[in-house]
Amino acid sequence: MPATAKKKFGPRGWTPERLGSLNGKTYVITGANAGAGFEASRVFLSKGASVVMMNRNADKSAAAIATLKQEYGSDADVTCVPMDLAVLDSVREAAGVLLQKAPRIDAFICNAAIAQVAKQEITVDGFESQLGVNHFGHFLLCGLLYDRIEQSSGRIVVVGSNAYKMGLKRIQFEDLNFDKNYTAWSSYAQSKLAQMMFAYELQRWVEAAGKNVTVQVCHPGASRTNLLKDTASTLNKIVWSILSRIIAQSAEKGSWPEVMCATEVEVESQKLYGPTKRSEMVGPIDECPLNECVLDREAAAKLWTLSEQKTSLSWSP
């Protein structure tokens, strides 16, 4: 049964109004040239922080940065490190570049994702594309940036999805790539479950080791973003374009959970933060119920070991 959730931010939930100055702080966000990542960047910049985007598309990144500088001034400190999460060598190269340019990382936000890939696609490293981008790419990047985050007494924020408690509700270790029975939904659900399992395992590890790192997990609810634009089937795109006008919230509100998890003092362990109304699709940002499938410690430990093997990264926080 899902764990019950206690509300702590009142009837309006958490909003950026709780933020003070973020001068001197640096926030690193994957997938920030549009959608929730872009909107989170706007919030951070509006409070005086520095933002480093890690995006795949150079042209879209340049356009996003130009828009932000137009809004917040030419001296707004927003830059981009090119990176393709689907290619582990690209992740390694990007991490090296980032570590050279960012002396501190106050929060690293795993925001980028692909979803509802219509037909099975395999990355150059041999992973089902959603698992490769959403989990393995971020796992490697977190590991490579971890020491800098710890030195900064920083945070790691994993942007999950309520899809984690749908699909199979487990990691399909016997067929990670869904070679036998691929479906866009089940593979996406597995990728988000993997991300969140990893985050809670990392949370347990850093707390047991007494490390000065905060790990938090959130979900954006149903937000009007371009998440399905390049990957979903034509039917799913049509369905979502209709439904999003009815049930979804703005990308701006969809960014609030990750901004909250990156900045809010009053966050706790083993929690999930996000919209709390209409099946957690929209509404005030607060603590959400947590399904026990994501807290399976045996599966999480197995996933961690497997992730180290798949990314050739030995990582013990």
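Student: In strand E2, which residues are buried on one side and which on the other?

Tutor: The general idea is that in a regular strand the side chains alternate between the two faces of the sheet. In this predicted model, Ser-50, Val-52 and Met-54 lie on one side of E2 and Val-51, Met-53 and Asn-55 on the other, and all of them are buried, so that both faces are covered. Because six of the six residues of E2 (residues 50-55) are buried, the strand is largely enclosed by the rest of the structure.

Student: Where is the bridge partner of Met-53?

Tutor: The partner of Met-53 is Cys-80, in E3; E2 and E3 (residues 78-82) pair in the parallel sense over five bridges. The path from E2 to E3 leads through helix H2 (residues 58-72), and this β-α-β crossover is right-handed.

Student: Which residues of helix H3 are buried, and which exposed residues does the face turned away from them carry?

Tutor: Leu-88, Ser-90, Val-91, Ala-94, Ala-95 and Leu-98 are the buried residues of H3. Seen down the helix axis they fall within an arc of 140°, so they line one face of H3. The face turned away carries the exposed residues Asp-89, Glu-93 and Gln-100, while the buried residues pack against E1, E2, E3, helix H4 (129-151) and helix H8 (297-311).

Terms used: Residues are numbered from 1 along each chain as its sequence is written. This is a predicted model: local features need pLDDT of at least 70, side-chain atom pairs count only at pLDDT 80 or more; totals for chains, interfaces and linings use all residues. Side-chain values use heavy atoms; hydrogens and water are left out. Buried means under 20% relative accessible area, exposed over 50%, partly exposed in between (1.4 Å probe, protein chains only). Helices (H or I, at least four residues) and strands (E, at least two) are DSSP runs, numbered from the N terminus. Two strands pair if DSSP finds at least two bridges between them. A crossover is right-handed if, with the strands pointing away from the viewer, the path from the first strand over the helix to the second runs clockwise. The arc is that of the directions from the helix axis to the C-beta atoms. Contact means heavy atoms within 4.5 Å.
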